[in-house]
Amino acid sequence: MFDFAELKTSYKSKGCGQITADDIGKSVKLAGWIESIRDHGGVKFIDLVDITGEIQVIFRADDGATEEITEWSTVQIEGEVRRRPEGTENPKIKTGNVEVIAKSLKVLSKSELPPFLPTERKEVSEEIRLKYRYIDLRREKMRRNIIGRHLVSKSIREKMWEEGFVEIETPYLTKSTPEGARDFLVPSRLQLGKFYALPQSPQLFKQILQISGFERYFQIVRCFRDEDLRADRQPEFTQVDIEMSFVTEEDIISLTERVLKHAFKKVLDIEVSIPFPRIKYSESIRRYGTDKPDTRIPIEVKDISEIFSNSKLDFIRKNLERRGKVLGFSIRDIEIPKSKLVNLESLAKSMGAGGLMWFVIKQNKIISSPVIKHIDDKENLEISKLCDGNGIVFAISDREERARDVSAKLIKYIAKEMNLYRSDTKFAFVWVVEFPLFSWDETENRYVSEHHPFTSPKEEDLEILETNPEKVRARAYDIVLNGEEIGGGSIRIHNSELQNKIFRILKLSDWEVQERFGWFLEALKYGAPPHGGIALGLDRLVAIMFGEDNIREVIPFPKTQSGSCLLTNAPSDVYKKQLDELGIKIKEE
RNA sequence: GGGGCUGUAGUUCAGUUGGUUAGAACGCCGGUCUGUCAAGCCGGAGGUCGCGGGUUCAAGUCCCGUCAGCCCCGCCA
């Protein structure tokens, strides 16, 4: 996968995995880790590994290499390369046709017995892997993921450079922006009581760089959000951050497609076809129940309220009276054991739905369902039609939004569990476009930005901006891969009047706007080019490319769900002196 | 903040209805062995059953609390 340059140093003449038949008869100096020792009394076989691979080293009893060796010690070995005797080749390894006859061995650092072995055949618990991450990172899969990640970054950089983008760094110690996620705060020692914030993204800096005239900016950059963790969310994560001037959506979208195509070709040697399909936000919600559809799954959500319009089921009738919906989805020609269906029902409940109805259908008839007694012949027929008379239909009666949300999650879960993916695409990209600009926030009783407050509304919706804000569509786009959002961006507002108008709709006071964004609004007054950009989530992208469903697997030193680093034990207490210097006192509970 | 799952040897796990001295595999240690590569063969050591409390004649097992890890909701693009 990765061709290392010849790893020659003062300690070694080349890497262990770099020895080939060309070296037969030559003396080599090697240094690495002892992965395994097979002691046959008169002869010892040692697998010596370094980052380039492994090589078998032979020690004979009379060789005088008497120093005691243990597995995973680092050693330096000098010896001669020879072809393996016939019949003893090992086709499983790259260097399996050759071996090194050791002339000398020097232990560089003796290893104690590691808590687990990098060659362990069974998966070790993640807790232990994270505590001894240096051992874990010696495992082949982790090496592949980390080097794979390097290759993704490298291929993206190459393409961005080629496309005329300038790589520019932006500050990590910056200003808190309470809109959106919670900030990580950094206390200022020089100005007691004041705080920097770590950036949630370099959003305003990259826009400022457009006003500065750089026209094409990118950066592979760490971002920070102090929110709860998930399998696909870490408090610090990496974005491929891109911004361009004098562009429309089309420019950003096609650039992103070219970059992703290049990365998949270079790293996985996979041709992804561009342009990617696009779906409007409203259509995605309607058909898939989510704004990040997994188009590998051939299952769609349907509004089947009509079928139940005269239902004998009380909870459905009441729900429909409250203008709720019955949404369903069907899977044709499938059998799921009843116990599994019951599990799915409790899963649906844990996702917030009141319940889940399922109908097992054979030969155009429902043969099993928890509500079968309350289904009349007409309903039976209509429901059976949904899966062409054979399969399973699921239905949720609830508030429309919740029914969609839970349906979408169940579809995703079932598809994964039962491997219901289309076979023609391993990587299914889709653009989701025409997001709403605002959504109504019940708890704050005001509109909030769906993307962020610098997103430009669609020009044709400007006239309803103040009269009908929830109908306004944004010039925003998300890129979704296999049902995961791997990036999103927008065309930005490039004039201060419109920007101010948006802030007013968001019910930010003039004072607040001035205090937080005054500097930015000022910048917009001095010749801002039309501009826009995108940010790609590198961790998620790499995870999907390498088939990992957890981004911790592609991050060398990730945090646990409670935000701890099990390797270093961060976060931790600090000395009182440090707090005093910052003017901070910890509240006693 | 909430729901679910998990925690037993270095590691991965088993442990019956609460009942004798808590088991297995791999790893480790000692021995043996000149062609192995998941080496083989013989022998051996290794346990705060996450932690605290309770119920009981008796707790790995039941109850309460707590800590840690994972998945999810809320939160978060």
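User: Let's start with Phe557. Where does Phe557 sit?
Analyst: Phe557 lies in the loop between α13 and α14. Please keep in mind that this is a predicted model.

User: What does Phe557 make together with Tyr134 and Leu567?
Analyst: Tyr134, Phe557 and Leu567 make a nonpolar surface patch of about 300 Å².

User: Which residue does a cis peptide bond join to Ile274?
Analyst: Ile274 is joined to Pro275 by a cis peptide bond, with an omega of about 0°. Pro275 belongs to the loop between α5 (249-268) and β11 (278-280).

User: What is the phi of Asp269?
Analyst: The phi of Asp269 is near 55°, which is a positive value in a residue other than glycine. Asp269 is located in the loop between α5 and β11, where Pro275 is also found.

User: Is Asp269 buried or exposed?
Analyst: Asp269 counts as exposed because its relative accessible area is 55%, and the exposed class begins over 50%.

User: Which residue forms a salt bridge with Asp269?
Analyst: Lys265 does, and the closest N and O atoms are 2.6 Å apart. Lys265 also forms a salt bridge with Glu271, where the closest N and O atoms are 3.4 Å apart.

User: How accessible are Lys265 and Glu271?
Analyst: Lys265 is partly exposed at 36% relative accessibility, whereas Glu271 is exposed at 54%.

User: What about salt bridges that share partners; which residues do they join into one network?
Analyst: The network joins Glu123, Arg129, Arg133, Asp136, Arg139, Lys141, Arg144, Glu548 and Glu553.

User: How many salt bridges does the structure hold?
Analyst: The structure holds 56 salt bridges. One of them is between the side chains of Lys14 and Asp23, at 2.9 Å from N to O.

User: Are Lys14 and Asp23 buried or exposed?
Analyst: Lys14 is buried because its relative accessible area is 11%, and Asp23 is buried because its relative accessible area is 6%. The buried class covers values under 20%.

User: Back to phi for a moment. What is the phi of Gln363?
Analyst: Gln363 has a positive phi of about 45°, although it is not a glycine. Gln363 is in the loop between β14 (357-362) and β15 (365-368), and its relative accessible area of 73% makes it exposed.

User: New topic: how much space lies in the second largest pocket?
Analyst: The second largest pocket holds about 1,000 Å³ of space. The elements that each give two or more residues to its lining are β1 (27-39), β2 (43-50), β3 (53-60) and α3 (140-162).

User: How many residues line the second largest pocket, and which lie nearest its centre?
Analyst: The lining has 30 residues, and those nearest the centre are Ile51, Thr52, Gly53, Glu54 and Glu140.

User: What classes of residue does that lining have?
Analyst: The lining of the second largest pocket has 13 charged, 10 nonpolar and seven polar residues.

Terms used. Residues are numbered from 1 along each chain as its sequence is written. Chains are lettered from A and ligands numbered from 1 in the order in which they are written. This is a predicted model: local features need pLDDT of at least 70, side-chain atom pairs count only at pLDDT 80 or more; totals for chains, interfaces and linings use all residues. Side-chain values use heavy atoms; hydrogens and water are left out. Helices (H or I, at least four residues) and strands (E, at least two) are DSSP runs, numbered from the N terminus. Buried means under 20% relative accessible area, exposed over 50%, partly exposed in between (1.4 Å probe, protein chains only). Patches are made of residues with over 30% relative accessible area and no salt bridge: like charges are joined within 9 Å, nonpolar side chains (Val, Leu, Ile, Met, Phe, Trp, Tyr) within 5 Å. Accessible areas come from the Shrake-Rupley method with a 1.4 Å probe; for residues, only the protein chains shown count as cover. A salt bridge is a side-chain nitrogen of Lys or Arg within 4 Å of a carboxyl oxygen of Asp or Glu. On a 1 Å grid over the protein atoms alone, a cavity is a set of points where a 1.4 Å probe fits but cannot get out, and a pocket is an open set with protein on both sides within 12 Å along at least five of seven lines; lining residues have an atom within 4 Å of a point. Grid points are joined across faces, edges and corners, and a volume is the space filled by probe spheres set on the points. Ala, Val, Leu, Ile, Met, Phe, Trp, Tyr, Cys and Pro count as nonpolar, Asp, Glu, Lys and Arg as charged, and the others, Gly among them, as polar.
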